[in-house]
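Please keep the structure in view while reading the points below.

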Amino acid sequence: AAFSLLPETLFLTVNLLARYCSKRVVYKQHYRLVGCAALLIAAKYGDKKDRVPQINELNNMCCGLYDAGMFTQMEMHVLNTLDWNIGHPTVDFFTQLIVADERDTVEVEHMAAYICEIALYHRDFVSTKPYIMARASLALARAILNKPEVNDGEWDHVENVTLITLSQHLHQPSVTLSRKYAAPHLSCASAKLSDFLA
């Protein structure tokens with residue numbers, strides 16, 4: 001939000017970070033650096049050129065822990081580790097496909113995005129496939145907003161477990177995330193979720 005990046009940049013950043021961490025050991029003191037490198041790559045890949053964070057901005061975000069050159073070194077290391085495979089279908093990508101196909105409202109789309117971002121805080125969803133997360137978050141969003149469920153086929157066991165687990169993590173979202181989704185341009189999703197849970 002501070003850099004005014006697109007929502008899909010967040011999910012691509014998390015995807016890059018997860019794929020990198022699955023191939024390399026990351027020490028605690030370097031985790032922020034890897035996260036910033038993933039953010040830099042994702043922003044360069046899919047966002048507007050004038051919105052891509054500058055190295056000094058990333059360094060400020062990390063409280064000056066790293067030298068400026070370390071960001072570009074880590075960026076190259078992440079790219080080489082991932083064999084320069086950047087683009088990847090993320091939960092945001094699948095959500096957009098399903099929303100367009102099912103003609104869901106913007107309100108449902110915003111609620112699903114909020115639910116997906118809540119899921120980023122919980123390790124239960126680290127290995128959940130993006131299309132399953134998108135489908136489950138949209139189903140929950142429709143239920144929360146009292147919209148009819150789309151009949152798009154049977155749900156398998158993994159999808160049912162994801163839906164149930166996701167519903168159990170909605171009660172205490174991050175304060176920052178809740179504040180973000182309280183905005184009118186995001187359909188006041190956090191307030192609507194709070195009302196529903198109450």
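Phe94 is partly exposed, because its relative accessible area is 21%, and the model in which this value was computed is a predicted one. Tyr131 likewise counts as partly exposed, at 38% relative accessibility.

- Phe94 and Tyr131 form an edge-to-face aromatic pair, with 6.1 Å from centre to centre and 65° between the planes.
- Since Phe94 lies in helix H5 (residues 91–102) and Tyr131 in helix H7 (residues 130–144), the pair ties together parts that are 37 residues apart in sequence.
- Ring pairs also bring in Phe93, so that Phe93, Phe94 and Tyr131 are linked into a cluster.

**The ring pair of Tyr66 and Phe71**

- Across the whole structure, the search finds 4 aromatic pairs.
- Tyr66 counts as buried at 6% relative accessibility, and Phe71 counts as buried at 1%.

**Helix H2 and what covers it**

- Helix H2 (residues 31–46) has 16 residues and reaches 22 Å from its first C-alpha to its last, which is close to the 22 Å expected at 1.5 Å a residue.
- The buried residues of H2 include Leu33, Val34, Gly35, Cys36 and Ala37, and among them are also Leu39, Leu40 and Ile41.
- Helix H1 (7–21), helix H3 (55–61) and helix H4 (68–81) are included in what covers the buried residues of H2.

Methods. Residues numbered from 1 in each chain as written. Predicted model: local features only at pLDDT ≥ 70, side-chain atom pairs only at ≥ 80, totals over all residues. Heavy atoms only, no water. Phe/Tyr/Trp six-rings, centres within 6.5 Å; stacked < 30°, edge-to-face > 60°. Buried < 20%, exposed > 50% of the residue type's maximum accessible area, 1.4 Å probe, protein only. Helix = DSSP H or I, 4+ residues; strand = E, 2+ residues; numbered from the N terminus. Expected span 1.5 Å × (residues − 1). Contact = heavy atoms within 4.5 Å.
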